[in-house]
Amino acid sequence: MRRLGIIGGLSWESTVEYYRIINEEVAHRAGGLSSASLILASVDFSLYSERMKAGAWTAIGSSLVAEAKGLARAGAEGILVASNTMNRFAPEIEEETGLPFLHIVDAAGRAIRAKGFGKVGLLGTAYTMEGDFYRGRLHEAWGLQTLVPEAAERALVNDIIFEELCLGDFRERSRYALADIARGLREAGAEAVILGCTELPLVMKEGDIPIPYLDTTRLHALAAADFVLGL
């Protein structure tokens, strides 16, 4: 079994889900009392949130690289960042550690292609929806076209994530609002909607509307289980 280093706490609400899914999957596949060999670096999300608001992305990248190097020194054989937005620093982390990086966009792209979809909607933080690192990789590596909501809806999704979900506050009216936005993406031509924030699957569930949701937390965690088991 290979040892995986995880940078979590971004936020801890979804990191809990990673730990559960990875270990459930490893136990299911390996049997008996098997569990995953993991090293977790859980960071203070408030510092990262403040830097995101200030646009201090260089400082964020430096901090994540430092965390990844610490995991490498502790014996990690691969690195996973338990966040969609923070996967924007995949190239730096991979280069600085020399370790395989389990990219969340690849986990999503692989699942989308397996289902035969070519055009998908993307929900996530404003940084994920508006930046190129996520949509660009979906296009370049997986040949996918990505749709995002209009500016006002992007702002609403971002507020729900940071002001509610990351605080463990799951409001029914917000779930309905998110479903309405996903429905709009379907009407614009999306064949499925990527839940491109690891907190979104905590409140958006398959079957809310008649369009498939792609749970990036679960897909990423399953890719992690594959890595740990050497698959």
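Three strands form an open sheet in the order β2-β1-β3, and they pair in parallel. This is a predicted model, so every value below is computed from predicted atoms. The protein chain holds ten helices and seven strands, and another open sheet, of four strands, has the order β5-β4-β6-β7. Here is a tour, sheet by sheet and then helix by helix.

- Strand β1 (residues 4-8) pairs with β3 in the parallel sense, and four bridges link the two.
- Within that pairing, I7 stands opposite V81 of β3.
- Helix α3 (residues 57-73) packs on this sheet and touches β1, β2 and β3, its direction making about 150° with that of β1.
- Helix α10 packs on this sheet too, touching β1, β2 and β3, and its direction makes about 170° with that of β3.

**The four-stranded sheet**

- The strands of the β5-β4-β6-β7 sheet also pair in parallel.
- Its edges are β5 (145-147) and β7 (213-215); each has a single partner strand, so one side of each has no neighbour in the sheet.
- From one strand to the next, the twist averages 35°.
- Strand β4 (residues 119-123) and strand β6 (residues 192-195) run parallel and are joined by four bridges.
- Helix α9 (residues 172-187) lies across β4, β5, β6 and β7, and runs at about 155° to β4.
- Helix α10 (residues 216-228) packs on this sheet as well, where it touches β6 and β7 and its direction makes about 45° with that of β7.

**Helix α1 against helix α10**

- Helix α1 (residues 12-30) packs with α10 at an angle of about 45°, and their axes are 8 Å apart.
- That angle makes α1 oblique to α10, and the crossing of the two is right-handed.
- On the α1 side, the residues that meet α10 are S14, E17, Y18, I21, I22, E25, V26 and R29.
- On the α10 side, the contact involves T216, T217, R218, H220, A221, L222, A224, A225, D226 and V228.
- By class, the contact of α1 with α10 divides into nine nonpolar, four polar and five charged residues.

**Helix α5 against helix α7**

- Helix α5 (residues 104-114) and helix α7 (residues 132-142) pack at about 50°, their axes being 10 Å apart.
- The two helices are therefore oblique to each other, and α5 and α7 cross in the right-handed sense.
- From α5, the contact draws on I104, V105, D106, A108, G109, R110 and R113.
- From α7, it draws on Y134, R137, L138, A141 and W142.
- Sorted by class, the contact of α5 with α7 has seven nonpolar, one polar and four charged residues.

**Overall dimensions**

- The C-alpha atoms of the protein chain fill a box of roughly 45 × 40 × 35 Å along the principal axes.
- The radius of gyration is 17 Å, which agrees with the value near 17 Å for a compact globule of 231 residues.

Definitions and conventions. Residues numbered from 1 in each chain as written. Predicted model: local features only at pLDDT ≥ 70, side-chain atom pairs only at ≥ 80, totals over all residues. Heavy atoms only, no water. Axes fitted to C-alpha atoms, helices over the stretch in contact; angles between N-to-C directions. Parallel < 35°, antiparallel > 145°, perpendicular 65-115°, else oblique. Left-handed = near helix turned anticlockwise from the far one by under 90°. Contact = heavy atoms within 4.5 Å. Nonpolar A, V, L, I, M, F, W, Y, C, P; charged D, E, K, R; others polar. Pairing = 2+ DSSP bridges. Rg over C-alpha atoms; globule rule 2.2 N^0.38 Å.
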